[in-house]
Amino acid sequence: MLRRKPTRLELKLDDIEEFESIRKDLESRKKQREDVDVVGANDEGAIGLSNDHKSREQMINDRIGYKPQPKPNNRSSQFGSFEF
């Protein structure tokens, strides 16, 4: 196998500006969520915890592109259609 020299990556000013803008956007979203969580915790109490869990699970599924489909419970779906 042929070896080659490592590729050199250069950091450009545009990349730095894009990174800073995305970081500021994420920080502002995080602050908004924290503000909503503080207000929601006062109003909802223990009910908010289960709702938070669902929204977190849904957020993760959306992020990774997972769309759960319900599994059918009949035998033909599990073993196929066999004829004797």
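## Charged, nonpolar and buried sites

E18 has its place in helix α1, which spans residues 13–44; helices are DSSP runs of H or I of at least four residues, numbered from the N terminus. The model is predicted, and local features need pLDDT of at least 70, side-chain atom pairs count only at pLDDT 80 or more, and totals for chains, interfaces and linings use all residues. Residues are numbered from 1 along each chain as its sequence is written, and side-chain values use heavy atoms, with hydrogens and water left out.

**Negative patch**

- E18 has a relative accessible area of 46% and is therefore partly exposed; buried means under 20%, exposed over 50%, and partly exposed in between (1.4 Å probe, protein chains only).
- D14, D15, E17 and E18 form a surface patch of negative charge.
- Patches take residues with over 30% relative accessible area and no salt bridge, joining like charges within 9 Å and nonpolar side chains (Val, Leu, Ile, Met, Phe, Trp, Tyr) within 5 Å.
- Asp and Glu count as negative, Lys and Arg as positive, while His and the chain ends are not counted.
- A charge is placed at NZ of Lys, CZ of Arg, CG of Asp or CD of Glu.

**Salt bridges**

- The whole structure holds 2 salt bridges, each defined as a side-chain nitrogen of Lys or Arg within 4 Å of a carboxyl oxygen of Asp or Glu.
- R23 and E20 are joined through their side chains, with an N to O distance of 2.9 Å.
- Both R23 and E20 belong to helix α1 and are 3 residues apart, about one turn of the helix.
- R23 is partly exposed at 37% relative accessible area, and E20 is partly exposed at 26%.
- D25 pairs with R29 in a salt bridge whose closest N and O atoms are 3.4 Å apart.
- D25 and R29 are about one helical turn apart because 4 residues separate them in helix α1.
- Relative accessibility is 34% for D25 and 44% for R29, so D25 counts as partly exposed and R29 does too.

**Nonpolar patch**

- L11, L13 and I16 make a nonpolar surface patch of about 320 Å², with areas from the Shrake-Rupley method (1.4 Å probe; for residues, only the protein chains shown count as cover).
- I16 lies in helix α1 and is partly exposed at 36% relative accessibility.

- N61 is in helix α2, residues 47–64.
- N61 counts as buried because its relative accessibility is 12%.
- Leaving aside residues up to four places away in sequence, N61 touches Y66 and P68, where contact means heavy atoms within 4.5 Å.

Methods:
Helices (H or I, at least four residues) and strands (E, at least two) are DSSP runs, numbered from the N terminus.
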